[in-house]
Amino acid sequence: MPLDESMAFQPIRIAVLTVSDTRTAADDRSGDTLVERLTGAGHILADRAIEKDDADLIAGRLLAWIADPGVDCVISTGGTGVTGRDVTPEAFAQVWDKQIEGFGELFRWLSYAKIGTSTIQSRACAGVARGTYLFALPGSTGAVKDGWDGILATQLDIRHRPCNFVELMPRLRER
């Protein structure tokens with residue numbers, strides 16, 4: 001899809017959340033990959049955190065960022081599978097006002113080309129909460145690359161045509 005080169009790029013402030021019972025700042029490769037991609041595109045890393053696979057902890061972190069005017073968007077990595085400890089989609093659902101169903105559908109469609117039917121195990125999801133975008137990606141570096149490169153890099157670029165998430169930001173709180 002084309003970029004409207006007559007428009008100036010508009011960086012947004014993105015918080016990165018890694019959901020894991022085992023990862024630390026020293027070995028969070030998926031979080032590092034996401035930070036590299038978003039800052040490389042010209043966006044601003046607003047904050048970064050690691051939370052355990054606990055829906056209440058995840059939701060609490062999301063609510064703090066949703067309330068922070070310095071955060072426009074949250075992208076998480078991890079906790080989107082089907083095991084008992086995977087609770088990221090449930091935590092996101094606790095806080096969002098609207099779900100963006102097409103995000104998960106498109107993520108799995110893109111992922112299918114690389115990992116085949118194994119993509120069915122992903123519960124990647126997205127939504128909007130009080131004017132803040134929320135995107136949940138699986139925890140592998142490959143999934144982070146697929147989600148960023150295949151969807152978020154363009155949808156978080158105001159120059160992307162025919163439409164994008166950034167141009168909608170001023171209207172997300174409309175009633």
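Student: What is the volume of the second largest pocket, and which helix gives the most to its lining?

Tutor: The second largest pocket has a volume of about 180 Å³ in this structure, which is a predicted model. Its lining holds 15 residues, and those nearest its centre are I115, S122, P138, S140 and A143. Both α4 (101-115) and α5 supply at least two residues of that lining. With the volume at about 180 Å³ and a contribution of four residues to the lining, the helix that gives the most is α4.

Student: How do the residues lining the second largest pocket divide into nonpolar, polar and charged?

Tutor: The division is made over the lining of 15 residues, with S122 and P138 among those nearest the centre of the pocket. By class, the lining of this second largest pocket has four nonpolar, nine polar and two charged residues.

Student: Why is α1 described as roughly parallel to α5?

Tutor: Helix α1 (residues 29-40) and helix α5 (residues 141-155) have axes that come within 8 Å and cross at roughly 25 degrees. Because angles under 35 degrees count as roughly parallel, this crossing makes the relation of α1 to α5 roughly parallel.

Student: Which residues of α5 does α1 meet, and in what hand of crossing does α1 pass α5?

Tutor: The crossing in which α1 passes α5 is right-handed. From α1, the residues in the contact are R29, S30, T33, L34, R37 and L38, and their partners in α5 are T141, V144, K145, W148 and D149. The residues of this contact divide into four nonpolar, three polar and four charged. To return to the question, the hand is right-handed, and the residues of α5 that α1 meets are T141, V144, K145, W148 and D149.

Student: Which residues lie closest to the centre of the largest pocket?

Tutor: The largest pocket has a volume of about 350 Å³. Its lining of 14 residues has, closest to the centre, K98, V128, R171, L172 and R173. By class, this lining has six nonpolar, one polar and seven charged residues. The residues asked for are K98, V128, R171, L172 and R173.

Student: What separates the C-alpha atoms of I100 and V128?

Tutor: I100 lies in the loop between β4 (98-99) and α4. Leaving aside residues up to four places away in sequence, I100 touches A126, G127, V128, Y133 and F165. Although I100 and V128 are 28 residues apart along the chain, their C-alpha atoms are separated by 7.5 Å.

Student: Where is R130 found, and what is its phi near?

Tutor: R130 belongs to the loop between β5 (125-129) and β6 (132-137). Most residues other than glycine have a negative phi. R130, a residue other than glycine, has a positive phi near 45 degrees.

Student: Which two residues are joined by a cis peptide bond?

Tutor: Most peptide bonds are trans. In the segment after α5 one finds P162. With omega at about 20 degrees, a cis peptide bond joins R161 and P162.

Terms used: Residues numbered from 1 in each chain as written. Predicted model: local features only at pLDDT ≥ 70, side-chain atom pairs only at ≥ 80, totals over all residues. Heavy atoms only, no water. Axes fitted to C-alpha atoms, helices over the stretch in contact; angles between N-to-C directions. Parallel < 35°, antiparallel > 145°, perpendicular 65-115°, else oblique. Left-handed = near helix turned anticlockwise from the far one by under 90°. Contact = heavy atoms within 4.5 Å. Nonpolar A, V, L, I, M, F, W, Y, C, P; charged D, E, K, R; others polar. 1 Å grid on protein atoms, 1.4 Å probe; cavity = no way out; pocket = protein on both sides within 12 Å on 5 of 7 lines; lining within 4 Å. Points joined across faces, edges and corners; volume = space filled by probe spheres on them.
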